[in-house]
Amino acid sequence: MDRIMVIGAAGQIGSELVTELRKIYGSSQVFATDIKPASKDIMEGGPFQVLDVMDDKQFIHFVIRHKINQIYHLAAVLSGNAEKLPVQAWHINMQSLMNVLEIAKMVEDVKKIFWPSSIAVFGPSTPRVHTPQLTIMEPITVYGISKLAGERWCDYYYNKYGLDIRSIRYPGLISYKTEAGGGTTDYAVEIFYEAIRKGEYECFLNKDTALPMLFMPDAIDATIKLMETERSSISVHGSYNLGGFSITPEQTCREIQKYIPGFKTTYKPDFRQAIADSWPQSIDDSVARHDWGFKYKFDLSGMSEIMLREIKAKLKK
């Protein structure tokens, strides 16, 4: 049974991924780490350690001591926050990945790596509808630039050193368990929380801004499925396109109004509007479907019902 390390276990993806991995591999086999304490479930549900992936000495010591076989590296400064501290964000996003790649190259026990990319790798010159797997990539954000560079490094380490690195270009991710954390698609999480808290929401994007989204259970399922796929089936060693359902803030508002009739959304676009305008409106993920059978279960309607029910329970409303 593999011994798995999750870096960034307190984040939006990590907090839910750790739980699912522990169900599959056993609680004692999944080592959760983050630069800060995680939720009670993560910290008490199996091994947890506060660890800074930027500290390569502490990192390699942890990997060797615990005989880690798989590393999920999820730690990053997201798109909105990265624009506020571009040089720092570049350093964190790139150096942390390089530390993971170098340690995987040096430590024989490490057999497999997962690292998330993003639709942020695309830019204004990219075809925005059904964006293909191979296309023009000219990102305009620090986050997107770091993810594009990261994809090229992953491909390089595969070709140069034979490392088994797997990656997904996530669309916007929607979850009720962890609140938004500085991304451009965060409105799609915030809007549900504010609908229940206040009955109104001021959106930082225009009402007709279409972006691809994925409900977190589908994203977690896709991530684990990719990692469990036979290596011979993997044809993309940079990062796989992953789509889902494309929605606008106005469509999301209307869906919420089916459950909360008085809910209102106003629109006050900020700097994230320019970022969203440079990203795809929909994604062609046919390569992921072909190689490892990606598919998603939840659309806007099915997701919204669950989001509102679970957030109400969480906030005791």
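Arg254 and Glu250 both sit in helix H9 (residues 249-257), four residues apart, or about one turn of the helix. Helices here are DSSP runs of H or I with at least four residues, and strands are runs of E with at least two, both numbered from the N terminus. The two side chains form a salt bridge, with the closest N and O atoms 3.4 Å apart. A salt bridge is counted when a side-chain nitrogen of Lys or Arg lies within 4 Å of a carboxyl oxygen of Asp or Glu. Glu250 is partly exposed, with a relative accessible area of 25%. Buried means under 20% relative accessible area, exposed means over 50%, and partly exposed is in between (1.4 Å probe, protein chains only).

The model is predicted: local features need pLDDT of at least 70, side-chain atom pairs count only at pLDDT 80 or more, and totals for chains, interfaces and linings use all residues. Residues are numbered from 1 along each chain as its sequence is written, and side-chain values use heavy atoms, with hydrogens and water left out.

**Salt bridges**

Side chains of opposite charge can pair when their charged atoms come close. The salt bridge count comes to 13. The table lists some of the pairs.

| Pair | N to O distance |
|---|---|
| Arg254 and Glu250 | 3.4 Å |
| Asp155 and Arg152 | 3.7 Å |
| Arg272 and Asp270 | 2.7 Å |

Asp155 and Arg152 are three residues apart in helix H6 (residues 142-161), so about one helical turn separates them. Arg152 is partly exposed, at 45% relative accessibility. Glu194, Arg197 and Lys198 are linked in a network of salt bridges.

Over the protein there are 37 positive and 38 negative side chains, and the centres of the two sets lie 3 Å apart. Lys and Arg count as positive and Asp and Glu as negative, while His and the chain ends are not counted. Each charge is placed at NZ of Lys, CZ of Arg, CG of Asp or CD of Glu.

**The whole protein**

The protein has 12 helices and 14 strands. Its radius of gyration is 19 Å, close to the 20 Å that the globule rule gives for 317 residues, so the protein is as compact as a globular protein of that length. The radius is taken over C-alpha atoms, and the rule is 2.2 Å times the number of residues to the power 0.38. Along its principal axes the C-alpha trace spans about 60 × 45 × 40 Å. Buried residues make up 56% of the 317 residues.

**A buried strand residue**

Thr33 lies in strand E2 (residues 30-34) and is buried, at 0% relative accessibility. Leaving out residues up to four places away in sequence, Thr33 touches Met5, Val6, Ile7, Gly8, Ala9, Phe48, Gln49, Leu51 and Phe62. A contact means heavy atoms within 4.5 Å.

**Positive phi in two loops**

Most residues other than glycine have a negative phi. Lys67, in the loop between helix H3 (56-65) and strand E4 (70-73), has a positive phi near 50°. His130 also has a positive phi, near 50°. His130 is found in the loop between strand E6 (117-118) and H6, and counts as exposed at 54% relative accessibility.
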